[in-house]
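Student: I have a new structure to read. Can you walk me through the features, step by step?

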Amino acid sequence: MQLARVIGTVVATVKAPGLEGVKLLVIQPLDRSLKPTGGQLVAADAVHMAGPGELVYFVAAREAAQAMPDPFVPVDHAIVGIVDAVSALAGNEQ
Amino acid sequence: MKLGRVVGTVVSTINAPDFDNRTLLLCDLLDPSGRPAGGYLIAVDTVGAGAGETVLILDEGNSARQVLNAPGAPIRTLVVGIVDAVVEGPAAV
């Protein structure tokens, strides 16, 4: 799992079966200092409460679909938690 | 599996139900000599690993769900061991 910032939403009317009602968010993956790293992604919101600006963590690959109510959906990135705090240990700052 | 070093924790109250009561560790990935290899992972702790420890990270979903005995959980990354030593080259006997 990795950290990411939610930076937008995606609206799609025509979707593959199983994706009805799934909220899609644009996320920017972050490194552990919370700086953007890599390209932006569209992720399904498995916690139903994430919104733009929020710090989240997401899971990729097959496990992303496992986070959805129907685990056989074409989802490859899913937000599985909203971050309250990231504590870096003293002396380990990048 | 991968080597990592625990550098922090991630605290979350709103999460997928399978993450309830699980500890999330922020782990830098290491090369075998213990230097940062670049990148990090957030892993679910299964061994009680703590700050600064070198750990063994499992990053494969089917194995992770077996370890947790949680079929269907959206979890693929676990801390599954605390590393005492890594010996490069022929092992000492």
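This is a predicted model: local features need pLDDT of at least 70, side-chain atom pairs count only at pLDDT 80 or more; totals for chains, interfaces and linings use all residues.

Student: Where do I start? How many helices and strands does chain A have?

Tutor: Start with the elements, then read their order. Chain A has 1 helix and 6 strands. Along the sequence, the order is β-β-β-β-α-β-β. The radius of gyration of chain A is 14 Å, close to the 12 Å from the globule rule for 94 residues, so chain A is as compact as a globular protein of that length.

Student: What are the spans of chain A along its principal axes?

Tutor: The C-alpha trace spans about 50 × 20 × 20 Å. Next, look at burial and contacts. In chain A, 37% of the 94 residues are buried. Take contacts between residues at least 6 apart in sequence: in chain A, 52% of them join residues at least 24 apart.

Student: Now chain B. What is the order of its elements?

Tutor: From the N terminus, chain B runs β-β-β-β-β-α-β. That gives 1 helix and 6 strands. Its C-alpha atoms fill a box of roughly 45 × 25 × 20 Å along the principal axes. Of the 93 residues in chain B, 39% are buried. Among chain B contacts between residues at least 6 apart in sequence, 52% join residues at least 24 apart.

Student: Which strands pair across the two chains?

Tutor: Look for bridges, and for the sense of the pairing. β5(A) pairs with strand β2 (residues 14-15) of chain B, antiparallel, over 2 bridges. There, Ile82(A) has Ile14(B) as its bridge partner. β6(A) pairs with β1(B), also antiparallel, over 4 bridges.

Student: What else does β1(B) pair with?

Tutor: Follow one strand to its partners. Within chain B, β1(B) is joined to strand β3 (residues 24-30) by 7 bridges, running antiparallel. Gly4(B) has Leu29(B) as its bridge partner there. β1(B) also pairs with strand β5 (residues 54-59) of chain B, antiparallel, over 4 bridges. In that pairing, Arg5(B) stands opposite Thr54(B).

Student: Is β1(B) largely enclosed or open?

Tutor: Count its buried residues. In strand β1 (residues 2-11) of chain B, 7 of the 10 residues are buried, so the strand is largely enclosed by the rest of the structure.

Student: How should I think about a core?

Tutor: In soluble globular proteins, nonpolar side chains tend to be buried together. In this model, the largest nonpolar core has 51 residues. Phe58(A), Ala78(A), Ile79(A), Val80(A) and Cys27(B) touch the most other members. Strand β4 (residues 36-45) of chain B gives the most to this core, with 5 residues.

Student: Which residues does Cys27(B) touch?

Tutor: Leave out residues up to four places away in sequence. Then the contacts of Cys27(B) include Gly4(B), Val6(B), Tyr40(B), Leu41(B), Val55(B), Ile57(B) and Val79(B).

Student: Which residues have a positive phi without being glycine?

Tutor: Check the angle, then the setting. One is Ala61(A), with phi near 70°. Ala61(A) lies in the loop between β4 and α1 of chain A. With 14 other C-beta atoms within 10 Å, Ala61(A) is partly exposed. Another is Asn21(B), with phi near 60°. Asn21(B) sits in the loop between β2 and β3 of chain B. Asn21(B) is exposed, with 4 other C-beta atoms within 10 Å.

Student: One last residue. Is Gln66(B) buried or exposed?

Tutor: Count its neighbours. Gln66(B) has 12 C-beta neighbours inside 10 Å, so Gln66(B) counts as exposed. Gln66(B) is in helix α1 (residues 61-68) of chain B.

Definitions and conventions: Residues are numbered from 1 along each chain as its sequence is written. Chains are lettered from A and ligands numbered from 1 in the order in which they are written. A nonpolar core is a set of buried Ala, Val, Leu, Ile, Met, Phe, Trp, Tyr and Cys residues joined through C-beta atoms within 7 Å. A residue is buried if 20 or more other C-beta atoms lie within 10 Å of its own, exposed if 12 or fewer, and partly exposed in between; C-beta atoms are placed from the backbone. Two residues are in contact if their C-beta atoms, placed from the backbone, lie within 7 Å. The radius of gyration is taken over C-alpha atoms; the globule rule is 2.2 Å times the number of residues to the power 0.38. Two strands pair if DSSP finds at least two bridges between them.
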